[in-house]
Amino acid sequence: MAASALRGLVAALETHRGRDRAVRALCYGCQLAGGALAGPQASPSGLPGRLLAVSAELSACRTALRLFDDLAMLSYSCGYGLGPKDEDGLVRALSVLCNVANQLYYPCEHVAWAADAGIIRARAQKWWTLSMGLWALSLLLGILRSLRILCQLRKLRQHKGRTSSPQSQKEAKAQVKAEVVSILAQVADLSNAIHWLPPGFLWAGRFPPWLVGLLGTVSSLIGIYQASRGGNSEAA
């Protein structure tokens, strides 16, 4: 069993998405631990400071690796198009808007990264804010999409009642579980996305590092769980 688990871990780390999930979980895990150990210190030193430094470096690593994600996102968006014709119209609309927000997110983040690195002359903070706003919009649309699907599944269950087969009931329960888990992950990420927006908007800038780490760790672990179950997670 240990050998099989090791082979699975190695196989996951050999893929871009699998490696990103691992780095993301480690990044937020270090932020959670560092923030919790630092307590109210404004500029923690020692172990808490080192853990937060590792977290910052891993976050920068993920930002650089996302420079190559535009084409993958474009391929996915083109493949989905306007969605399957047999899919609910509102679900399709939310999915398309979510894809558009994700597609725009990447170039905005690239410009912010390049401005921070001194490669181009631009106001980095403006582009970071724009990219973060697009990510928050994408997450909100994803939550609304999952809620719509849950409403449809509830209506379907009420309509068919006990006439549906055991296999259909099992599949419906599995889909409900998947959507609920997806909502939990997206709510955690949306909370952090709002925190990173300019101060003055809702709770922007008010989270301590340990809470950011906790929310990110929760969404990261859910993403790993979804991937192990064959789901599709695009946590940023």
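Let me begin with R148, which is found in helix α6; helices here are DSSP runs of H or I with at least four residues, strands are runs of E with at least two, and both are numbered from the N terminus. Please note that this is a predicted model, in which local features need pLDDT of at least 70 and side-chain atom pairs count only at pLDDT 80 or more, while totals for chains, interfaces and linings use all residues. Residues are numbered from 1 along each chain as its sequence is written, and side-chain values use heavy atoms, with hydrogens and water left out.

At 26% relative accessibility, R148 counts as partly exposed; buried means under 20% relative accessible area, exposed over 50%, and partly exposed in between, with a 1.4 Å probe and protein chains only. Which residues does R148 touch, leaving aside its neighbours within four places in sequence? They are D88, L90 and V91, where contact means heavy atoms within 4.5 Å. With D88, the side chain of R148 makes a polar contact to the side chain at 2.9 Å. A polar contact is a pair of N or O atoms within 3.5 Å; within protein, one must be able to donate a hydrogen and the other to accept it, and residues adjacent in sequence count only if both atoms are side-chain atoms. R148 and L94 lie 54 residues apart in sequence, yet 9.5 Å apart in space, C-alpha to C-alpha.

I turn to the overall fold. The protein has 8 helices and 0 strands. Its C-alpha atoms fill a box of roughly 65 × 45 × 35 Å along the principal axes. Of the 236 residues, 37% are buried.

The aromatic residues come next. There are 3 aromatic pairs in the structure; rings of Phe, Tyr and Trp (its six-membered ring) pair if their centres lie within 6.5 Å, and planes under 30 degrees apart count as stacked, over 60 as edge-to-face and the rest as tilted. The rings of W135 and W196 have centres 6.4 Å apart and planes at 20°, so this pair is stacked. The pair links distant parts of the chain, 61 residues apart: W135 sits in α6 (residues 124-160) and W196 in the loop between α7 (166-195) and α8 (209-228). W135 is buried at 7% relative accessible area, whereas W196 is partly exposed at 35%. W203 and F207 form another stacked pair, 6.2 Å centre to centre with 10° between the planes. Here W203 is partly exposed at 29%, and F207 is buried at 18%.

Finally, helix α4. Where do the buried residues of α4 lie, seen down its axis? In α4 (residues 70-80), D70, M73, S77 and Y80 are buried. They fall within an arc of 100°, so they line one face of the helix; the arc is that of the directions from the helix axis to the C-beta atoms. On the other side, L71, S75, C78 and G79 are exposed. The cover over the buried residues of α4 includes α5 (89-116).
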